[in-house]
Amino acid sequence: MRIDICGLEPVDRFQRSLEVITGLFFEEQTLSFARTEEANVRVTIDVQQGEQLIVVGTLRDEHGRTYAAHYERFWKTEEEKGRMKQVKHAVSHIYLSLLQQYTGVVQQWGILTGVRPVKLLHQKLRSGFTKEEAHRTLREDYLVTDEKIELMQQIVDRQLTVVPDLYDLSKEVSIYIGIPFCPTKCAYCTFPAYAIQGKQGSVDSFLFGLHYEMEQIGRFLKERNIPITTIYYGGGTPTSITAEEMDALYAHMYRVFPNVERVREITVEAGRPDTITTEKLAVLKKWNIDRISINPQSYIQETLRAIGRHHTVEETIEKFHLAREAGMNNINMDLIIGLPGEGIEQFCYTLEQTEKLMPESLTVHTLSFKRASEMTKNKEKYKVADRDEISEMMKRAERWTKEKGYVPYYLYRQKNILGNLENVGYALPGQESIYNIMIMEEQQSIIGLGCGASSKFVHPETKAITHFANPKEPKVYNEHYEHYTNEKLKMMEQLF
């Protein structure tokens, strides 16, 4: 598909956003901002900046059919930067409208292409919009469908039930601790994850650096009397290290962080069932950690083999029951829609198997072709379902969770996500992950410690966000952890 877009100047202000929207409709496409003879489709967009902003668009296809769209709004600001942002928004609105008419495909998220759509609804409601006004804005200005608006509102309501002081936590922080080791690396993964076999020297060095980071950050928090809301161990797979190493790590956490017994939630991802042992579960219980993730992704053995997960379906079930017997009473499980070779039948089978376990929470991911993953580099090897089947699987997940008493409580989206859909976290009421809410809605700073951990510093007053990332490679982290710790401390001093 080749599309010419005419009438927009300067081109560079619009190019990226229009390329993203085009990609929602066509896998293979070329976008040109000049008139060419080879175009299948020619789009003309006229921007009029008078007392009101008026944008008019037409699309003419290869068969001579013409489609039209019109956008007219009063200016929201006199400031030039704000006006330019409004123009870009209007052009995206027109372009999406034209492509929806031309293809007959409705993009349920409209022109929203960011990771956190629910955050936008939070912002509208906090700024004084009524629910009806906020929903109308999402529908008319952003072209979001009623179905997705309803889902967003359910999540906002649930989050404010779970964390009533969500908007008042800017003077607290949460902690993310990244353990960069896994038994093997999954084909869809782009997280910092390195096969742990034969790497004990690297593991020892990493843990030494991590203990240092925790100690220095903990000292700062104690000195400034800054409470910790949640602590989350991710990765990689945090249960890849030994039970003895886990025990020492959690003991250090209690020693150096302020008032750990008052932290609202501590989570440890035990995502790979092949890393879970009786000894490790005993360590988790010893340190009052009962929220863990055990992630099947799928209950189809051929799928697990294809994506590089070297555990069996039986092992997932066995380790789930083992965790229950050890007293773990808040277990999350992740499922992925659209894994290679899977369709509606296979996904429904996975839901049936999940029903036999009934974890406290369930995150339903839609497969995303992440740029650096093995799956993306070898797309021809990993055949996935089409848009319609992916959408139907998501609907089945929504119906199933509702029937079983789960409620949606957080949501995020990713680039290149199949069907232009979303990832949704569901939980039995009262078992929601507070950390997942905090990371998505960005109401407080989250300090990332460990390999590949990203810190997100949220200014308590302006809400401006500054990102800072530790290196992903264990060798680089092991050599420079003091530098990265000091840089974070400098940034924290400016905020607290």
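The model is predicted, with local features requiring pLDDT of at least 70 and side-chain atom pairs counting only at pLDDT 80 or more, while totals for chains, interfaces and linings use all residues. Residues are numbered from 1 along each chain as its sequence is written, and side-chain values use heavy atoms, with hydrogens and water left out.

Phenylalanine 257 is in contact (heavy atoms within 4.5 Å) with Ile175, Ile177, Met214, Gly218, Lys222, Ile228, Ile231 and Leu449, when its neighbours within four places in sequence are left aside.

The helices named here are DSSP runs of H or I with at least four residues, and the strands are runs of E with at least two, numbered from the N terminus.

| Element | Residues |
|---|---|
| Helix 7 | 243–256 |
| Helix 8 | 278–286 |
| Strand 10 | 265–269 |
| Strand 11 | 291–293 |
| Helix 10 | 313–325 |

The axes of helix 7 and helix 8, as lines fitted to C-alpha atoms over the stretch in contact, with angles from 0 to 180 degrees between N-to-C directions, come within 9 Å and cross at roughly 10°. Helix 7 is therefore roughly parallel to helix 8, a term that applies to angles under 35 degrees. Ala243, Met246, Asp247 and Tyr250 in helix 7 meet Glu279, Lys280, Val283, Leu284 and Lys286 in helix 8.

In helix 8 the buried residues (under 20% relative accessible area, with exposed meaning over 50%, for a 1.4 Å probe and protein chains only) are Lys280, Leu281, Val283 and Leu284. Because they cover an arc of only 155° around the axis, they lie on the same side of helix 8; the arc is taken from the directions from the helix axis to the C-beta atoms. Their cover includes helix 7, strand 10, strand 11 and helix 10, whereas the face turned away from the buried side carries the exposed residues Glu279 and Lys286.

Elsewhere, aspartate 141 lies in the loop between helix 4 (131–140) and helix 5 (146–162). Aspartate 141 is buried, with a relative accessible area of 10%.

How values were computed. Angles under 35 degrees count as roughly parallel, over 145 as roughly antiparallel, 65 to 115 as roughly perpendicular and the rest as oblique.
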